Amino acid sequence: MPGPQLLVDEFVSQLRKRKVEGSQATAQLTAELLRTVISQLRAAEAPILIETVRKFGRELIAANPFVETFVLPELSVGNIVRRVLRIIREEDASGVTDGLPSDGDNQETADYADGQVSSADVLATRRLLRSPSLHGLLDRVSNAHTDDMGGKRKAPADKNAKAWMLKHNVMEAINELVEEISGCHQQIAEQALELIHHNEVILTFGKSKSVMEFLCAAKKKRSFRVYVAEGAPKYQGHCFAKDLSAEGFRTTLITDSAVFAMISRVNMVVVGAHTVMANGGIIGPVGLNMLALAAKQHGVPFVVVAATHKLCPLYPENPVVRLNELKSPSDLLQFGEFSECMELAPDSSACVLNVVNPAFDYVPPQLINLFITDIGGHNPSFMYRLIADYYSADDFIL
Amino acid sequence: MDARRGSLPVPRVRQVGFFTPNAQPAPTRSQSGPPDSSSPPLSDSPASNSLSPVMIPPPRHHSDNLAAAPRPTSPLPVPEPSPFRRRGADNNNALLVGSYNPAETLLAMSPSSSHVGDGESEETMSGGWFRRSNSGKLASSLPSGTFDFSPVQSTAEALKPNKVQNPVGISEVSARPAPKEQQPEAPSSSKQPKPKLTKAERRALQESQRAAKAAAKAPGGGKSVAAPEEVATIKSVKQHQTQKKDAPQVAVSVAASERKGGDKSQEKERRKDAPAPRMQFDDKSRVEKAKRRSVVDQTEAKKRVELFRHLPQYEHGTQLADLESKFLQLDPMHPAIYKVGLQYLAGDISGGNARCIAMLQAFQQVVKDYSTPPEKTLPRDLTAKISSYVSFFTQCRPLSMSMGNAIRFLKNRIAKLSPSLSESESKSSICTDIDRFINEKIVLADRVIVQHASSKVKDGDVLLVYGSSCVVEMVLLHSHELGKQFRVIVVDSRPKLEGKALLRRLVAKGVHCTYTHINAVSYVMHEVTKVFLGASSVLSNGTVYSRVGTACVAMVAHAFRVPVIICCEAYKFHERVQLDSICSNELGDPDAIGKVPGRMDVNYLNDVSNSGNLQLLNLMYDATPADYVSMIVTDYGMIPPTSVPVIVREYRRDHLLI
């Protein structure tokens with residue numbers, strides 16, 4: 001199948017070159033790509049679909065393999081692949097249940113036993129889908145086994161119809177997903193009025209489209225002031241402050257170092273995130289941890305605005321180092337600025353000067369007060385539950 | 001009053017504990033009621049009562065070797081504490097005794113002249129903003145017992161017309177000899193064309209006497225003036241005197257006075273120590289007034305952050321050329337002062353110690369080139385001059401607290417000059433005082449701090465430093481010279497990027513360095529073993545007032561359980577308290593925020609300078625809560641932040657006296 005492969009390769013190269021900016025765009029493109037891939041598949045049985053999507057998903061994720069390059073990939077790619085896998089599984093399961101009566105109608109006598117097996121199958125699958133418990137995990141193996149057996153026993157004609165149905169349903173569901181991703185900002189913004197009151201002072205950090213939409217929605221009804229921390233090596237705060245002031249906000253741009261000084265006069269911190277981890281922590285632009293600590297010290301609510309496609313089903317392990325990206329020192333020091341000093345150094349064998357320029361920061365869940373997602377506000381401790389809703393345990397590791 | 005006293009016997013008993021029973025404060029006080037009229041007589045006993053336990057602890061260190069240190073706080077239960085203090089006071093006091101009463105009679109009606117005390121409180125931080133308020137206003141405000149901050153200048157000004165009226169005027173003659181002790185002789189020595197000793201003459205005489213008194217009194221904190229032997233004999237007289245003498249100071253002091261026996265002086269001094277309120281720039285009338293007499297023509301920034309309207313914010317870059325063109329018009333400005341002021345303005349001198357030393361050296365130049373103009377006395381005229389220079393500095397850049405302390409010291413020294421000294425002697429004495437301040441309070445203190453702090457650096461340490469503090473740099477270099485193996489992480493922040501200069505110097509010395517920006521501080525904090533920070537000032541509630549970002553670093557270090565060590569000379573300690581970084585701060589050039597040097601890609605704000613909604617805020621300092629500070633290394637040793645007020649109080653007099 002050259003078509004899908006070609007598309008995927010193209011997208012991978014785009015990801016590699018970092019042509020795709022922003023998690024929302026990435027997520028949407030990924031979902032659309034997978035939709036195209038699935039639509040071009042002829043044999044559309046669930047296991048085949050899953051296998052195909054998983055294969056391409058691996059390729060997409062490998063576009064920026066973190067371990068080798070020390071570049072934090074856009075994790076939303078993986079998230080969307082997992083979401084699609086989950087959709088296929090779900091549709092498969094519901095397709096089986098839908099197919100049950102028809103099984104009974106068409107081939108009562110011949111496949112009676114088969115129907116029984118299927119119904120047991122369905123039950124197991126359902127249990128798997130609904131409960132992300134260890135119980136379900138253990139069931140998985142036998143379930144897959146019976147699935148295989150059931151699949152073999154099915155009549156080919158029925159198989160085709162079912163496959164067609166499945167593919168159709170999956171396409172529908174992915175369409176919904178794409179719509180959901182494109183509309184996530186509106187969903188988030190709708191909640192703004194419940195959280196922002198008149199004359200409030202809101203501090204934000206760096207640049208985030210979700211935050212922008214969130215604040216804009218609140219501005220229609222309320223008047224408040226926004227402080228923007230510049231977000232040092234990237235200075236996206238400058239851009240954000242400019243955009244905000246163009247929108248008519250009373251904006252004040254502050255340096256990152258003034259965050260602690262200003263936080264005592266701030267009513268709420270609203271930030272975007274790069275990724276939301278399964279434990280409720282977030283990965284965000286560097287400096288966010290400092291801001292979150294300051295907010296915690298002053299009892300200022302720290303609100304993270306993030307769409308569900310940023311929800312990553314992985315638990316962070318040593319996230320400060322492992323989920324990070326070290327940028328070029330040229331952001332901090334001009335090239336050659338210190339070369340003469342290096343020569344002056346008596347011990348020339350050892351490297352006297354290092355420059356650390358991380359791009360991301362990990363904020364642990366205990367510093368976060370609230371997540372505003374497109375499906376409502378949640379505590380950090382609730383994130384694992386959302387993950388269970390959105391991802392299948394089989395797909396955590398692709 | 002008497003009735004009150006009768007009803008409240010307890011306070012008196014308490015008071016007796018500290019001051020000898022013979023003082024019999026109540027009767028004398030009620031006696032002194034009439035002259036008091038200028039100051040509101042109010043709840044004497046309870047107030048003093050509540051205060052007295054607080055001030056009891058005897059000073060453990062008296063550095064009497066430095067200057068004749070009268071120990072004003074000493075609560076020795078000696079009979080008549082005032083004579084005791086007096087003994088330490090300047091020799092001139094004895095002379096004054098006789099001449100007091102005449103002067104005192106007018107005291108209540110004329111603006112008080114406790115020169116030094118006022119200068120002190122006024123100069124602490126906001127410098128000369130209040131200095132020159134209308135004398136008329138002051139005079140009117142005095143009788144009612146309200147206070148203005150400008151008595152110093154105003155008295156000087158108020159005097160002028162009098163002197164001018166005098167055709168020949170004894171006042172000039174009598175005033176010119178710097179020592180005021182000659183007052184008794186003054187009338188005789190002055191060859192008077194007019195036989196009548198006019199009111200104006202008497203007035204002038206009294207003024208000079210008062211100045212002398214103030215000079216004697218203020219530095220030590222209101223020592224009473226009688227010599228011990230004399231006191232025994234003329235006790236009642238003396239008490240009368242002390243009370244009256246207090247009147248001017250009371251008028252100056254911020255709070256209403258409670259006068260009581262010997263307590264008074266201490267309380268007054270305490271009150272004097274209390275920092276004067278700073279200029280609030282959202283007070284329109286004051287700003288107008290200040291503007292009218294300001295030399296530096298600062299255009300106020302148009303887009304000011306609402307939260308910081310109480311702080312001055314100016315368009316940067318405009319004043320420099322303007323000020324340069326004004327050079328010839330500013331004839332009273334000494335070139336050294338002018339130079340340093342411009343350097344402040346341009347940012348060529350920054351850093352607490354550097355600024356303070358530059359200022360003191362400029363003052364030294366001024367003193368060297370100073371000659372007392374006719375009809376003036378050195379202490380008063382020089383103090384006034386310095387005040388005007390300080391206000392010039394303030395216009396160039398708001399003073400740091402350390403500078404406020406240094407100015408306070410200098411004024412004290414000037415006021416305490418022995419009147420018997422000739423002008424050249426006085427000048428050289430002031431110059432040596434300045435030198436000693438620089439040497440002992442800054443240079444030597446730094447050396448001690450380096451000794452202390454480098455003892456905390458161990459092999460294998462990873463030290464985090466923020467910005468560029470000269471003391472911290474010395475600590476690092478000294479530890480490196482000692483051969484200790486450690487790494488340094490230099491954390492820097494925009495817009496000043498002071499860490500780069502520090503990094504350059506450290507790397508040149510071969511210290512292993514890691515450079516990063518403040519946002520990455522939680523990334524690097526994992527490996528850090530100690531955090532060394534400098535401070536612009538340490539306030540008496542333990543708050544560390546320092547370069548903006550210090551609080552962030554300290555907070556992150558605290559969160560990571562890394563000890564935070566502050567290196568700060570004790571002369572930077574200040575009795576002011578502060579809770580946040582908003583109420584008092586300094587605003588830097590807002591345009592510096594929008595520009596990122598060396599980053600062509602960051603140019604979002606190049607063209608938004610006129611958009612109404614966007615403001616740029618460039619805070620210069622922030623206040624680190626004491627919770628985050630593990631230890632403060634000072635020249636008095638290593639102390640917890642809770643001990644700062646102790647240092648401030650116990651060593652305050654030392655500061656002033658050296």
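Reader: How do helix 19 and helix 20 of chain B lie to each other?

Author: Helix 19 of chain B is roughly antiparallel to helix 20 of chain B. Helices (H or I, at least four residues) and strands (E, at least two) are DSSP runs, numbered from the N terminus. This is a predicted model, where local features need pLDDT of at least 70 and side-chain atom pairs pLDDT 80 or more, while totals for chains, interfaces and linings use all residues. Residues are numbered from 1 along each chain as written, chains are lettered from A and ligands numbered from 1 in the order written, and side-chain values use heavy atoms, without hydrogens and water.

Reader: At what angle do helix 19 and helix 20 of chain B cross?

Author: Roughly 165 degrees, and the axes of helix 19 (335-346) and helix 20 (352-368) of chain B come within 8 Å. Axes are lines fitted to C-alpha atoms, for helices over the stretch in contact, with angles from 0 to 180 degrees between N-to-C directions.

Reader: Is the crossing of helix 19 and helix 20 of chain B left-handed or right-handed?

Author: Left-handed, for helix 19 and helix 20 of chain B. That means the near helix is turned anticlockwise from the far one by less than a right angle; clockwise is right-handed.

Reader: Which residues make the contact?

Author: Helix 19 of chain B gives B:Ala336, B:Ile337, B:Val340 and B:Tyr344. Contact means heavy atoms within 4.5 Å. By class, this contact of helix 19 with helix 20 of chain B has nine nonpolar, one polar and one charged residues. Ala, Val, Leu, Ile, Met, Phe, Trp, Tyr, Cys and Pro count as nonpolar, Asp, Glu, Lys and Arg as charged, and the others, Gly among them, as polar.

Reader: And helix 23 with helix 24 of chain B, how are they placed?

Author: Helix 23 and helix 24 of chain B are oblique to each other. Helix 23 (423-454) and helix 24 (470-481) of chain B pack at about 55 degrees, with axes 9 Å apart. Helix 23 of chain B passes helix 24 of chain B in a right-handed crossing. The contact includes B:Ile449 and B:Val450 from helix 23 of chain B, and B:Met474 and B:His478 from helix 24 of chain B.

Reader: Over to chain A. How do helix 11 and helix 12 cross?

Author: At roughly 25 degrees, with the axes of helix 11 (209-219) and helix 12 (236-246) of chain A coming within 11 Å. That makes helix 11 of chain A roughly parallel to helix 12 of chain A. A:Val211, A:Met212 and A:Leu215 of helix 11 of chain A make the contact with A:Phe240, A:Asp243 and A:Leu244 of helix 12 of chain A.

Reader: Where does A:Tyr235 lie?

Author: In the loop between strand 2 (225-229) and helix 12 of chain A. Phi of A:Tyr235 is near 55 degrees, a positive value in a residue other than glycine.

Reader: Now sheets. What is the strand order in the open sheet of eight strands?

Author: The order is 8(A)-3(B)-2(B)-1(B)-4(B)-7(B)-11(B)-12(B), with mixed pairing. Strands pair if DSSP finds at least two bridges between them. Strand 8 (353-355) of chain A and strand 12 (637-639) of chain B stand at the edges, each with a single partner strand, so one side of each has no neighbour in the sheet. Neighbouring strands are turned by 25 degrees against each other on average, direction ignored.

Reader: What packs on that sheet?

Author: Helix 25 (498-508) of chain B does, touching strand 8 of chain A together with strands 1, 2 and 3 of chain B. Helix 27 (550-559) of chain B lies across strands 1, 4 and 7 of chain B.

Reader: Which peptide bond is cis?

Author: The one from B:Arg494 to B:Pro495, with omega near -5 degrees. B:Pro495 sits in the loop between strand 2 and helix 25 of chain B.

Reader: Last one. How much area do chain A and chain B bury between them?

Author: About 5,100 Å², 63% of it on carbon and sulfur atoms. Buried area is the accessible area (1.4 Å probe) that two parts lose on being put together, summed over both. In chain A, A:Ser257, A:Phe260 and A:Met290 lose the most area to chain B, together 12% of what that side buries. In all, 63 residues of chain A are in contact with 64 residues of chain B.

How values were computed. Angles under 35 degrees count as roughly parallel, over 145 as roughly antiparallel, 65 to 115 as roughly perpendicular and the rest as oblique.
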